[in-house]
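Subject: Structure for your review

Dear colleague,

Please find the structure below, followed by an account of what was found in it. I would be grateful if you could read the two side by side.

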Amino acid sequence: MEDVLILAIESSCDETAASVVKNGREVLSNIISSQIDLHTIYGGVVPEIASRKHIENINPVIEEALKTANVTLNDINAIAVTYGPGLVGALLVGVSAAKAISFATKIPLIGVHHIEGHISANYIENKELEPPFICLVVSGGHSHLVKVVDYGEYEILGKTRDDAAGEAFDKVARAIGLGYPGGPKIDKVSKLGNPEAIVFPRAKVNDSVYDFSFSGLKSAVLNYLNSLEMKGESYVQEDVAASFQKAVVDVLVDHSMKAIRESGMKKFALAGGVASNSALRAAMEKACAEAGVEFYRPSPILCTDNAAMIGAAGYYEYVKGNRSGYDLNAVPTLKLGER
Ligand code: KG4
Ligand code: ZN
């Protein structure tokens, strides 16, 4: 088969990103324009500001992705774009740009699910990785335990009932004065703290062994901080961070290993922004090694939102013959496995 070049576009949250990916696994360019600094002063992503920034950034970012890859639109076989889930105004910017380029050039258009992108990030650096495998997708908006049955074919084993894992990191970080984005900051200060200092709850969801719940843990941290404050005592930031992080990691590892055991799968992959977490990576790697399971995780730059992962996912949709029409719309609550 001839080489397939995908131009991929991602704008579901606060990163405007474009990438050129060859044959689903070779990244020719991966341009990310992050808005983190802009949202930090508000303590989180402000949707209206995100949309406006995407509009300013989208064309330059796409141009840079083509230029860095040393290709023109004439070389591109398909345009893949994230159309959900995410912030509707943010998604619309990427979707509109992709549709406009597709319409003007007649290059086929492929709508990609954002989580499918996160999962597919694992294909880029692990050329030998093929489905089936178990994947834990943990980001700011999602916590899913997924059986990747085949390319583009997913069975959701469990998901969060309330907060996503990354959301819990961000909220706890704010409570202990670390600010936004909380995940990387908690990761960093936890290295200086004692993860056994405070025993926070490991939440179980009664009717599903694979579902997650993180809002109780977040409340437990807030209660702990309030009770000390009422007594006029201070807390040790590093210990709270490390103990909270341990509680999250324990639950994520426990559920993942249960899914691995019960499915009989011999391969496991991490995905999503929280997959950058050093404690989670270390604990999952160790658990997989003990169970004789192959462990995969993307480099941090491919864990957070990027377009290379959308290009990887888009390639497998392209190979299957899936194409989107010009009626492709942003779907903020798109479910994994839906088209
Ligand atoms: O995948 P992502 O970039 O965006 C979404 O699709 O949500 O994930 C962002 C989330 C944020 O909540 C951020 O705090 C978290 O990933 N995160 C981390 C780390 N790096 C990013 N959480 C824990 N430890 C990290 N090192
Ligand atoms: Zn994401």
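Strand 2 (residues 15–22) and strand 3 (26–34) pair in the antiparallel sense through eight bridges. Helices (H or I, at least four residues) and strands (E, at least two) are DSSP runs numbered from the N terminus, and two strands pair if DSSP finds at least two bridges between them. Glutamate 15 is found opposite serine 34 of strand 3. Three residues separate strand 2 from strand 3 in a hairpin, and asparagine 23 in its turn has a positive phi of about 50°.

This is a predicted model, in which local features need pLDDT of at least 70 and side-chain atom pairs count only at pLDDT 80 or more, while totals for chains, interfaces and linings use all residues. Residues are numbered from 1 along each chain as its sequence is written, chains are lettered from A and ligands numbered from 1 in the order in which they are written, and side-chain values use heavy atoms, with hydrogens and water left out.

On its other pairing, strand 2 runs antiparallel to strand 1 (5–10), and six bridges join strand 1 to strand 2. Seven of the eight residues of strand 2 are buried, where buried means under 20% relative accessible area, exposed over 50%, and partly exposed in between (1.4 Å probe, protein chains only).

The complete sheet is open, with five strands in the order 3-2-1-4-5 and mixed pairing. Strand 3 and strand 5 (109–113) are at the edges with a single partner strand each, so one side of each is left without a neighbour in the sheet. From one strand to the next the twist averages 20°; axes are lines fitted to C-alpha atoms, for helices over the stretch in contact, and angles run from 0 to 180 degrees between N-to-C directions.

Strand 4 (residues 78–84) pairs with strand 5 in the parallel sense over five bridges, and threonine 82 has valine 112 of strand 5 as its bridge partner. Helix 3 (residues 88–105) packs on the sheet and touches strand 1, strand 4 and strand 5, its direction making about 155° with that of strand 4. Helix 2 (residues 47–69) lies across strand 1, strand 2 and strand 3, at about 25° to strand 2. Contact means heavy atoms within 4.5 Å.

Turning to the metal, which residues coordinate the zinc ion (ligand 2)? They are His114 (NE2), His118 (NE2) and Asp305 (OD), at 2.0 to 2.1 Å. Donors are N, O and S atoms within 2.8 Å of the metal (3.2 Å for Na, K and Ca); water is not among the atoms, so sites may look incomplete. The spacing of the donors along the chain is H-x3-H-x186-D. The site has four donor atoms with angles of 95 to 139° among them and is irregular. Four donors count as tetrahedral if all angles lie between 85 and 135 degrees; four count as square planar and six as octahedral if opposite donors are over 155 degrees apart and all others between 65 and 115; anything else is irregular.

Histidine 114 and histidine 118 both belong to helix 4 (residues 114–125), four residues apart, about one turn of the helix. Histidine 114 is buried at a relative accessible area of 4%, and histidine 118 is buried at 1%.

Yours sincerely
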